Amino acid sequence: ISANKVSTASLYQSRSTMMDSINNNAASRAPPPFDLKAYISRYETQSETALQRLLFLAHHFHNEEGGDGNNTSTITSNAFEMAVAQMKSTGNYRRYLEEYGAIEASPDNASTNAADHPSPELTGSPSRSGGGGDHHHPHAKNIIQHYIEYDPNFAPISKIEAQNQLETLEGRLSTAQSHIMKESIRTALLALAEFHKKRGELREALRRVFRSREYCANGRQHTQVCLLLVELSADLREWSSARDSITRAEHTVMGDMDDPLFHHKLRAMQGLAYLAEGRYYDAAKSFTSVSPDLTNQVNSVISAEDIAMYGSLLGLATLDREMLHSLVIDGTFKVRLELVPDMREALRHYSRAEYGQCLSILQHTLKRDLLIDIHLHSHVPILLDMVRDKCIEQYFQPYSSASLEKMGSVFGCTLEEMEMIVVKLIGNGSLGEGARVNVADLTLRVESGDTLEKKTRRRARVAAAKMGAHFTRSAEGMIMRAACIESGVTIQGEKQRRGGRPRGGRPQMHDDDPEMVVDDDPEMEKGVDPIEMDGSDSDGDVMEIENPNEF
């Protein structure tokens, strides 16, 4: 019988241990291998955002070759190959030369005269391509040379073709302007803008689109121009200009536009602007208000998966529990969560108060996908810390005391790290009034509601007593002064003896005046206030507060 008991107990113990390990593994599973083609297929082919993301991914995985070197090296090589193929197909020779270090990179990758200078590769000295200009390039050491060989024929041939095409488009614009045809002028300007945009000359493209806005005649044309302005501003990372264009579009677009999703497109791009400026709450509200019908209609800037990821992560970091359920988990936005199943699982754990599993998914499964996003990567540490702090606040809310060691095991951090986090939360008031760390037994404690209420009532009684004493003193002084003025009694001090007006405002009276009553009290000669001389303050009803803590 004892043997059966021991075997049964060990069976239950092993089963419990096995279930715990399964749950932990499920919550902290590693992310799947990165599929570059599937990722970049979300965005419009040959768009500026696709090229920027390919180059960003190539440099990101190149810097991470310390872990899975073969896999990351393959991703970097494939990303560079796809980026070079796009640059060659669109004739973007300026960006091509910038990546190889042949010219100095412009801050916004826009039109620049630097491409007119001879490059080291084109002058027959390719060994200098990765040398002295590295510190000027946004991607140091021109690492593309390690994966793809430089093509010396692409830049000069593409430059000649671009010049010929530009002359043709400029000729069409001149013809349209000579005939004063608004529609032809608008079309020619947009064609020039598209030409510059494909070649990475974004600022010149933005200038052409601005000019075309003057020739718009209906709502459809206005919406087209407004979206192009916002898209180019986003590609240039000029977020203030993007927000100005969005505001102008919301107030100036005509009513006959045929795009029912126009305002939702603007909200998605406005969310990007808020995210870039660190206004996370506003960005969460913008992304979660985008209609589910908007999928890939704006994938030249942002994809449907991006809207789902940005909205859910920002909502988890900034929205309270009630608003998170109404806008993200249970609202119309929940349809988008099907595109990001890992984030949906994290939200499910958070809604069930399983904060450890929620943070584990964010840290071990989703963090890689967040760090490879070109718009989100710089905000990931801040947002994850905000989610962690929010989970700790929610975890401790129903308790008056909790062990820091136990909290550290729940949230996956050491005792020292948990103590630092809790101290920071106490400092900014996130854990409520009265929260303290007990260093003796390493616990987080918060004073009970009764204790806080007693302290509040005591402070209120002390303040009321001081106010009453001040009011009584002021009232007695006013009564005494009124009685003195009514009786013709004036206190003449040193200032009045020098010819000043009496404090009561009455004219100066002489010693031979029969109505003048002079008090020979020496204290009066010193100009002492009669209220201070009155001893009734301490003997009467006025409360003298020597120790305010006694209340």
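Okay, housekeeping. Residues count from 1 along each chain as its sequence is written, and side-chain values use heavy atoms, with hydrogens and water left out. Since it's a predicted model, local features need pLDDT of at least 70 and side-chain atom pairs count only at pLDDT 80 or more, while totals for chains, interfaces and linings use all residues.

Helices here are DSSP runs of H or I with at least four residues, strands are runs of E with at least two, and both are numbered from the N terminus. Strands pair if DSSP finds at least two bridges between them.

So, the sheet. We've got three strands in an open sheet, ordered β1-β3-β2, with antiparallel pairing. The edges are β1, 401-403, and β2, 435-438, each pairing on one side only. From one strand to the next, the twist averages 20°. Between β1 and β3, residues 443-446, there are three bridges, and Ala402 has Leu444 in β3 as its bridge partner.

Now, which helices lie across these strands? Helix α18, residues 404-411, lies across β1, β2 and β3, at about 65° to β1. Helix α19, residues 415-427, lies across β2 and β3, at about 150° to β2. Contact, by the way, is heavy atoms within 4.5 Å. Axes are lines fitted to C-alpha atoms, for helices over the stretch in contact, and angles run from 0 to 180 degrees between N-to-C directions.

α19 also meets α17, residues 380-396: their axes come within 11 Å and cross at roughly 80°. That makes α17 roughly perpendicular to α19, a label that covers 65 to 115 degrees. On the α17 side you'll find Arg388, Asp389, Ile392 and Glu393, meeting Met418, Ile421, Lys424 and Leu425 of α19.

Over to α11, residues 262-276. Its 15 residues reach 22 Å from first C-alpha to last, close to the 21 Å expected at 1.5 Å a residue; that expectation is 1.5 Å times one less than the number of residues. Is α11 buried or exposed? Well, 12 of the 15 residues are buried, so α11 is largely enclosed by the rest of the structure. Buried means under 20% relative accessible area, with a 1.4 Å probe and protein chains only. Among those buried are Phe262, His264, Lys265 and Tyr274. After α11 comes Gly278, with a positive phi near 80°.

Last one: α12, residues 280-288, has buried residues including Tyr280 and Phe287. The cover over the buried residues of α12 includes α11, α13, α14 and α17.

Key:
Parallel < 35°, antiparallel > 145°, perpendicular 65-115°, else oblique. Buried < 20%, exposed > 50% of the residue type's maximum accessible area, 1.4 Å probe, protein only.
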